[in-house]
Amino acid sequence: MLEVRVFSGEPRFMNTITSLEEMQKIALELHKKNKSIGFIPTMGALHEGHLQLVRESKKVNDITVASIFINPKQFGPNEDLTKYPRPIEQDKKLLDVKGTDYLFYPNVDEIYPSNFQTSIAVDKVANILEGKSRPGHFDGMATVVLKLFNIISPTNVYFGQKDFQQCIIVRQMIKDLNLQIKFHTVSTVRDPDGLALSSRNIFLNTQEREQALSLYQSLLLAKKLIDDGNKSVELIKKEMKKYLKKYKLIRLDYIEICNPENLSPVKVVSKKAVILIAAFVGKTRLIDNIII
Ligand code: AMP
C-alpha cells in the first residue's frame, strides 16, 4: 500500500498510479482521513490550460489528482486517436512541478476490459453542436468521466470552459445521477495573441497557426457587435462568417449562439449568451467560445 502524503511543508513528489484498484484504495483511505480530493481529468499533452485546472484544485483541496487517459471511445473512426500526442514523461514533470499529488494513468484494458458493455448517454445537451458533428463523442466522454469519478471519488472536479459543451454535459450528468461532486468551470487559457490553448495546436503549421487566430477574433468581433447594441443572432453570425471567409485555411463547422445554462439556441441576444465556434484549420479541428 502506498503511503498517502497530505501534509504541507513536507518534501513532496507525485505518485503515478496505473492500477484502477490501487487508485480506488488510495481514494478510500483519503476519504477515511477526511481529506478533500480535487480531480482533473485530461488526455495528456498538457499545457497551461490543464495546469490552470491543477492550480484551481490546489487552492481548496487537500489532495489533487489528475488523470491522463486518451479515451478511445470518444474518438470517431476518422478522428485523430492514433495521432494524438503522448508526451507522458513531460506531462508527469509538469504535473509534479505544479504540486499534483497523484497521477492516475491507466491503460485502455484497465478501463475497458474485454467484456465492457455500459455506455452513458446524456440526451438533449449532448446531441447538438459537437455531439452532432462528432456522433458518439459525448457518450464516450461521459462514460469515461463517470468511471473516473467512481474510481477517484472526487470532492471537487475541474473542467475548462474551452470545452463548454463538455462542462454542461458533465454538470447535467452529476445532477441527473445525484453524484456528490462539486463541479468547477475554469476560464479558457489563451496564448498571448488570443489562441485558445489546445493539445491539438501542435498539429498547426505556421500558416495554419496564424489563421487559427481568426476563430477567437471572430468571437471578439461578435462581442463587439453585441456591445455596440446589435441583438440579432442572424446578423452576428453573418458578420462572423464574412470575417472568417477571408481565411482560406478555415473550414467552418458551426457558429451557434446559445443560452449558457442549457445550450438552447437564442434568436435575440438579450441577456447572457455563449457563442460557440468549431472549425477545421487545415486538417485540425478546433473549438472555442466566448461568454457574453
Ligand atoms: P483534454 O486533455 O483536452 O481532454 O482537456 C482536459 C481538460 O482541460 C478539460 O476540462 C479541458 O476543457 C481543459 N482545457 C483544455 N484546454 C484548456 C484551456 N485552453 N484553458 C482551460 N482549460 C482547458
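T100 is buried, its relative accessible area being 0%; buried stands for under 20% relative accessible area, exposed for over 50% and partly exposed for values in between, with a 1.4 Å probe and protein chains only. T100 sits in the loop between α3 (88-97) and β4 (102-104). Its side chain reaches the backbone oxygen of L95 at 2.8 Å.

The model is predicted: local features need pLDDT of at least 70, side-chain atom pairs count only at pLDDT 80 or more, and totals for chains, interfaces and linings use all residues. Residues are numbered from 1 along each chain as its sequence is written, and side-chain values use heavy atoms, with hydrogens and water left out.

Helices (H or I, at least four residues) and strands (E, at least two) are DSSP runs, numbered from the N terminus.

**Sheet**

Six strands form an open sheet in the order β1-β4-β3-β2-β5-β6, with parallel pairing; two strands pair if DSSP finds at least two bridges between them. β1 (15-17) and β6 stand at the edges with a single partner strand each, so one side of each has no neighbour in the sheet. Neighbouring strands are turned against each other by 25° on average, direction ignored. Strand β5 (residues 156-160) runs parallel to β6 and is joined to it by 5 bridges. G160 has V186 of β6 as its bridge partner.

**Helices on the sheet**

Contact means heavy atoms within 4.5 Å. Axes are lines fitted to C-alpha atoms, for helices over the stretch in contact, and angles run from 0 to 180 degrees between N-to-C directions.

| Helix | Strands touched | Angle between directions |
|---|---|---|
| α1 | β1, β2 (37-42), β3 (63-68), β4 | about 145° with β4 |
| α6 | β2, β3, β4, β5 | about 150° with β2 |

The axes of α1 (residues 20-32) and α6 (residues 137-152) come within 7 Å and cross at roughly 55°. The two helices are therefore oblique to each other; angles under 35 degrees count as roughly parallel, over 145 as roughly antiparallel, 65 to 115 as roughly perpendicular and the rest as oblique. L20, M23, Q24, A27 and H31 of α1 meet N150, I151 and I152 of α6. These contact residues divide into 5 nonpolar, 3 polar and no charged; Ala, Val, Leu, Ile, Met, Phe, Trp, Tyr, Cys and Pro count as nonpolar, Asp, Glu, Lys and Arg as charged, and the others, Gly among them, as polar.

**Positive phi**

N178, in the loop between α7 (164-176) and β6 (182-186), has phi near 55° and is exposed at 63% relative accessibility. L263 has phi near 65° and is buried, with a relative accessible area of 1%.

Terms used
Polar contact = N/O pair within 3.5 Å; in protein donor to acceptor, adjacent residues only side chain to side chain.
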